[in-house]
2 protein chains.
Amino acid sequence: MSILIKKVQLNNSICDIFIEGNTIKKIGVGLDLLADKVIDGSKKAAVPGMTNGHTHAAMTLMRGYADDMPLMPWLEKKIWPLEAKITNDDVYWGAKLACLEMIKSGTTLMVDMYHRFPFTAKAVDEMGIRGMLTHAGFDFNQRELSEIYKSDIEQFFNSMPSYSDRIKFAMGPHAIYSVSTQLLKWIRDFASNNHLRIQTHLSETHYEVENAKKVFGMRPVEYLKSIGFLGPDVSFAHGIYLSDDEIKILADYGCQVVHNPASNMKLSSGAKFRYADLKNAGVPISIGTDGTSSGNNLDMYEAMKLASLLGKVAWNDPTIWKAEDTFAIATEVAETLTGFKTGKIEEGFLADVCLVDLNRPEMTPNFNLISNLVYSASGNVVDTVICDGKVLMENRYVPGEEEIIEKAGKAAFNLVNR
Amino acid sequence: MSILIKKVQLNNSICDIFIEGNTIKKIGVGLDLLADKVIDGSKKAAVPGMTNGHTHAAMTLMRGYADDMPLMPWLEKKIWPLEAKITNDDVYWGAKLACLEMIKSGTTLMVDMYHRFPFTAKAVDEMGIRGMLTHAGFDFNQRELSEIYKSDIEQFFNSMPSYSDRIKFAMGPHAIYSVSTQLLKWIRDFASNNHLRIQTHLSETHYEVENAKKVFGMRPVEYLKSIGFLGPDVSFAHGIYLSDDEIKILADYGCQVVHNPASNMKLSSGAKFRYADLKNAGVPISIGTDGTSSGNNLDMYEAMKLASLLGKVAWNDPTIWKAEDTFAIATEVAETLTGFKTGKIEEGFLADVCLVDLNRPEMTPNFNLISNLVYSASGNVVDTVICDGKVLMENRYVPGEEEIIEKAGKAAFNLVNR
């Protein structure tokens, strides 16, 4: 299968893009190549598929179920009771809906953390996007839960050959307050032995840091360093409450941080994500939407705008989070974060390419494409999505979308009424 | 002309809506009425058209022209030099583009402040939405400029009978630092004598407040009170840096405040809009996008989410800015702010009705329509727009949109290259 995209805006010029198999093979002006499919790129721009650095895909089922509440009552009275009733089928349809929403807003790669891994993996595999998927780990210091988790992980890891190369298994301990030191160490070893990456929540709230100081006598990053957990294969979701010393440790170990502005704002977790300090220290940064139960949608275009605008106002500096940098950490960071060679439209990269419709009011005038994408667009500007060399959406239509919306909607109502 | 919308979700039930002329005539289940046009409302929700409480429509031409800069260099080096070269035709096409963008994101009423009033008014009149439009006033303490402005205002006011009832003339002094006391008093008198409303920028930056204290020996609201400027017909755009005393004065005089979260964030003007304090004092609040040169788009759905999320994180309270309240101040406030009897879907209100497509991933599940509208949707969920009883958009298509995008895009490039 080959695709030729003709006369599309790429950066600031017009060119053709030739895709063969799952790879961007050639980029140039007036490419004279035969292709199975030719796409007219006029009045469109080619942009990399976005990387959603942190989400809980199946939680689409809980969108709008509980809002405007403080974190702990929200979790204890609303989210956790619902999750106790969730089935394999719910996770499958929730993840399908999430993938559909991501495709329709130009995201082709996500890092996911949720329960019942095989059902998220099946959904992502079927939908055609990429996922670095984890099975969320909790043991709350209970040995029995810890053993169940280890056994699940081994089983899921061994099942990986049954999925396409678009699915990557990774380790997803929930957080230092919900996973024992013993299990964290086992997870670290399992990841090292099997060359897997790790993502965990870290320093999302001020309370979490104070609790770590009380329980471990150290701040969260210091604690993770002390148990040998850190490395360039570890990414931390949130990371709002980081000290100078912790940022230095993250940089020393090559750890990464995923910023989730919508969730951090909606739950009042904190505004002062230390973007400039992390960037200056050389810590790779990416952006995520978090789950739709807190961030409410999976639109990475919105997440770019939120990250940038929140950073500017929180630090009283309109010059930080420049549009080009924001766009880069939503796209180019993909390989560092997940190991998938994607996030750039260059020869040799995976063919994860979106076409943005420029013939829209919010994309007019087109003085600065990146500014329009970051500050004016929503994911709705994406007209065509190609992932792994296959067309997943054309003219904003994803085959089968009606069934997914219907089935996921029903699953959500059944879950709440169960 | 009459329109019957059949079986549409309104609040939490399914009903029919009958529009006759420019008014919502009847709402009920199974209405048996003949209509010139019948719209199938299944899998759709009827919501009021949004009210954009503060914008500078024609500045769409400057979208993406200058970002990520501090306020004063941005104004002095980028925006003002461009505005010095702007023509009548530019304003007309910029405002047409703005109206198109607003229609496509479900906004049917805007409060505008810009130069060359007749060309904005012509555009709004042609596009079919409502506008409370002002001619921006500046005199920088120069008598000559003041006289030109007064003469312009009289001329524009006298031209009003040539426009439709959807256009309302209002007074728009730019700000207390750019308009002399003498001209502010004249504007106040002109408004009172002719029953016009007033909107002006107020306390957008900390610097502005400090400057007022230095120049007038008072804070901005105290100064405006001292010159007899305040009343329930006055709305203030921004109003971030308000003291307790100033909030009490605003409440006493019935003044209104328009919050512009995107602009305030992007220019780092300030995060702590005193929503709860203003609300508790009884000051009517609305939301605006500001111009696209600072906020970059005119999507009021995005503005709702930004307002709510910024308020929650800035005040460290996830329970403020509840979805229902946010939705109300983007819709129901219309009559208080502008005098147009719109912003609610109730019998007797003006027929400014949007249909939202519920068959979309970001609107699924539909546990709470208002939550989905405020936290998950963008303006792209709007499928059909009716304003003043006329269909302006159907199936997301606005007749003539291609020409507007093309002409406005060209006008913007010509302006920059002039």
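The model is predicted, and local features need pLDDT of at least 70, side-chain atom pairs count only at pLDDT 80 or more, and totals for chains, interfaces and linings use all residues. Residues are numbered from 1 along each chain as its sequence is written, while chains are lettered from A and ligands numbered from 1 in the order in which they are written.

**Stop 1: the two chains**

Please colour chains A and B separately. A rotation of 180 degrees, with 0.0 Å of shift along its axis, places chain A on chain B with an RMSD of 0.0 Å. The two copies are thus related as by a two-fold rotation axis.

Next, select the side of chain A that touches chain B. How many residues of chain A are in contact with chain B? There are 51 residues of chain A in contact with 51 residues of chain B; two residues are in contact if their C-beta atoms, placed from the backbone, lie within 7 Å. Helices H2 (88-104), H9 (261-266), H11 (300-314), H14 (369-376) and H15 (401-417) of chain A each supply at least two residues of this side. Helices (H or I, at least four residues) and strands (E, at least two) are DSSP runs, numbered from the N terminus. The side of chain A that touches chain B divides into 24 nonpolar, 17 polar and 10 charged residues. Here Ala, Val, Leu, Ile, Met, Phe, Trp, Tyr, Cys and Pro count as nonpolar, Asp, Glu, Lys and Arg as charged, and the others, Gly among them, as polar. The copies meet through the same surface, because 100% of the interface residues of chain A are also interface residues in chain B.

**Stop 2**

Select residues 107-114 of chain B, which form strand E7. Eight of the eight residues of E7(B) are buried. A residue is buried if 20 or more other C-beta atoms lie within 10 Å of its own, exposed if 12 or fewer, and partly exposed in between, with C-beta atoms placed from the backbone.

Two strands pair if DSSP finds at least two bridges between them. B:Thr51 stands opposite B:Leu109 in E7(B). E7(B) also runs parallel to E8(B), with six bridges joining them, and B:Met110 stands opposite B:Gly131 in E8(B). As a general point, side chains in a regular strand alternate between the two faces of the sheet.

**Stop 3: the helices that link the strands**

Show helix H3 (residues 117-127) of chain B, which makes a right-handed β-α-β unit with E7(B) and E8(B). A crossover is right-handed if, with the strands pointing away from the viewer, the path from the first strand over the helix to the second runs clockwise. Buried residues of H3(B) include B:Phe117, B:Phe119 and B:Val124. Among the elements that cover the buried residues of H3(B) are H2, E7 and H4 of chain B. B:Gly128 follows H3(B) and has a positive phi, near 95 degrees.

Continue to E9(B), where six of the seven residues are buried. E8(B) and E9(B) pair in the parallel sense over seven bridges. The chain crosses from E8(B) through H4(B) to E9(B) in a right-handed β-α-β crossover.

**Stop 4: helix H5 of chain B**

Select residues 181-194 of chain B. Helix H5(B) has 14 residues and reaches 20 Å from its first C-alpha to its last, close to the 20 Å expected at 1.5 Å a residue; the expected span is 1.5 Å times one less than the number of residues. B:Leu183, B:Trp186 and B:Ile187 are among the buried residues of H5(B). Just after H5(B), B:His195 takes a positive phi of about 55 degrees.

**Stop 5**

Finally, select strands E15 (residues 382-387) and E16 (residues 390-393) of chain A, which run antiparallel and are joined by three bridges. E15(A) and E16(A) form a hairpin with two residues between them, and A:Asp388 in the turn has a positive phi of about 55 degrees.

Then select A:Thr108, which lies in strand E7 of chain A. Is A:Thr108 buried or exposed? A:Thr108 counts as buried because there are 32 C-beta neighbours inside 10 Å. Leaving aside neighbours within four places in sequence, the contacts of A:Thr108 include A:Val385 and A:Cys387.

Technical notes:
Copies are superposed by least squares on the C-alpha atoms of residues with pLDDT of at least 70 in both.
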